[in-house]
Amino acid sequence: MTLTLIEIGTALSALGKAWLIVRTAFTPLEMLAVLFTLANVWLAIKENIWTWPTGIASVLLYLAVFWRSHLYLNAGLQIIYFVLSIHGWYEWLHGGVNKTELTITHASSRMWAVLMSIGVALTLVLLWLLRVTAHDASLPIWDAVTTAFSIVGQYMLNMKIVENWLIWAIVDVIYVVMFIDQKLYPTAVLYAFFVFLCLKGLLDWRRSALATV
């Protein structure tokens with residue numbers, strides 16, 4: 001079977017258009033952030049201490065990605081993540097009894113009530129702040145919700161609380177919709193995969209918590 005020059009030209013044109021779409025949607029900065037974040041979450045599920053240095057690299061990269069997309073609260077969230085990552089690194093190593101390694105635990109009813117209240121209060125404060133200071137902000141309500149409850153989820157992860165994965169799963173579903181809206185397609189795909197990883201993390205950490213009882 002031989003191809004005519006017209007068919008070859010048409011095929012090359014189609015490949016060129018496909019490459020243009022990929023090049024536009026998948027920026028090198030975002031792809032690098034995706035890879036580091038994927039490693040960060042996988043290592044967290046495995047309770048591997050290297051989750052923290054990979055997480056620090058991830059948040060610095062996403063700080064730039066989100067700022068470019070006018071998701072200002074999620075950009076600022078990366079700075080908070082940076083601080084919380086250092087805190088989590090220390091807690092996992094020395095947060096247990098007599099400064100030993102921290103073990104996995106479940107959230108009590110009281111802790112749930114406190115953390116959910118903090119999440120709602122943070123959402124309202126951040127939404128007000130965003131509307132006052134950033135009139136060109138994208139998706140302000142969802143930006144505030146995901147930022148507030150990401151902080152809650154990160155704190156729970158730092159303290160090795162099993163249910164952090166449930167918080168992250170809900171937040172990640174919202175993120176998928178946000179990132180599609182902002183045409184951050186690689187990140188949207190990543191966060192869709194994160195939903196699956198969060199469910200795996202929830203099951204794995206529950207088993208780990210039972211094993212330490």
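This note goes through the predicted model point by point, from confidence to local detail.

1. **Basis.** This is a predicted model, in which local features need pLDDT of at least 70, side-chain atom pairs count only at pLDDT 80 or more, and totals for chains, interfaces and linings use all residues. Residues are numbered from 1 along each chain as its sequence is written, and side-chain values use heavy atoms, with hydrogens and water left out.

2. **Confidence.** The mean pLDDT (the predictor's confidence in each residue, from 0 to 100) is 83 for the protein, and 86% of the residues score at least 70. The pLDDT is below 50 over residues 5–24. Beyond near neighbours in sequence, that stretch has 2 contacts in the model. A contact here means heavy atoms within 4.5 Å.

3. **Architecture.** The protein has 8 helices and 0 strands. Its pattern along the sequence is α-α-α-α-α-α-α-α. Elements are DSSP runs numbered from the N terminus: H or I of at least four residues for helices, E of at least two for strands. Among contacts between residues at least 6 apart in sequence, 73% join residues at least 24 apart. Of the 213 residues, 44% are buried. Buried means under 20% relative accessible area, exposed over 50%, and partly exposed in between, with a 1.4 Å probe and protein chains only.

4. **Core.** A nonpolar core is a set of buried Ala, Val, Leu, Ile, Met, Phe, Trp, Tyr and Cys residues joined through side-chain atoms within 4.5 Å. The largest one has 56 residues, and L157, W165 and F179 have the most contacts inside it. At least two of its residues come from each of α2 (28–45), α3 (51–68), α4 (72–94), α5 (109–133), α6 (140–158), α7 (164–181) and α8 (185–211). Helix α7 supplies the largest share, 10 residues. Not counting residues up to four places away in sequence, L157 touches A44, W52, W92, N164, W165, W168 and W205.

5. **Cavity.** The whole structure holds 1 cavity of 30 Å³ or more. The largest cavity has a volume of about 390 Å³. A cavity is a set of points, on a 1 Å grid over the protein atoms alone, where a 1.4 Å probe fits but cannot get out; lining residues have an atom within 4 Å of a point. Points are joined across faces, edges and corners, and the volume is the space filled by probe spheres set on them.

6. **Cavity lining.** The largest cavity is lined by 24 residues, with T37, N40, V41, Q154 and W168 nearest its centre. Helices α2, α3, α4, α6, α7 and α8 each give two or more residues to this lining. The most come from α3, with 7. By class, the lining has 14 nonpolar, 9 polar and 1 charged residues. Nonpolar covers Ala, Val, Leu, Ile, Met, Phe, Trp, Tyr, Cys and Pro; charged covers Asp, Glu, Lys and Arg; the others, Gly among them, are polar.

7. **Positive phi.** Most residues other than glycine have a negative phi. E47, in the loop between α2 and α3, has a positive phi of about 55°. K160, in the loop between α6 and α7, has a phi near 55°. E47 counts as partly exposed because its relative accessibility is 29%. K160 counts as buried because its value is 1%.

8. **Q78.** Residue Q78 lies in helix α4. With a relative accessible area of 6%, Q78 is buried. Leaving aside neighbours within four places in sequence, Q78 is in contact with V59, Y62, L63 and F66.

Key: 1 Å grid on protein atoms, 1.4 Å probe; cavity = no way out; pocket = protein on both sides within 12 Å on 5 of 7 lines; lining within 4 Å.
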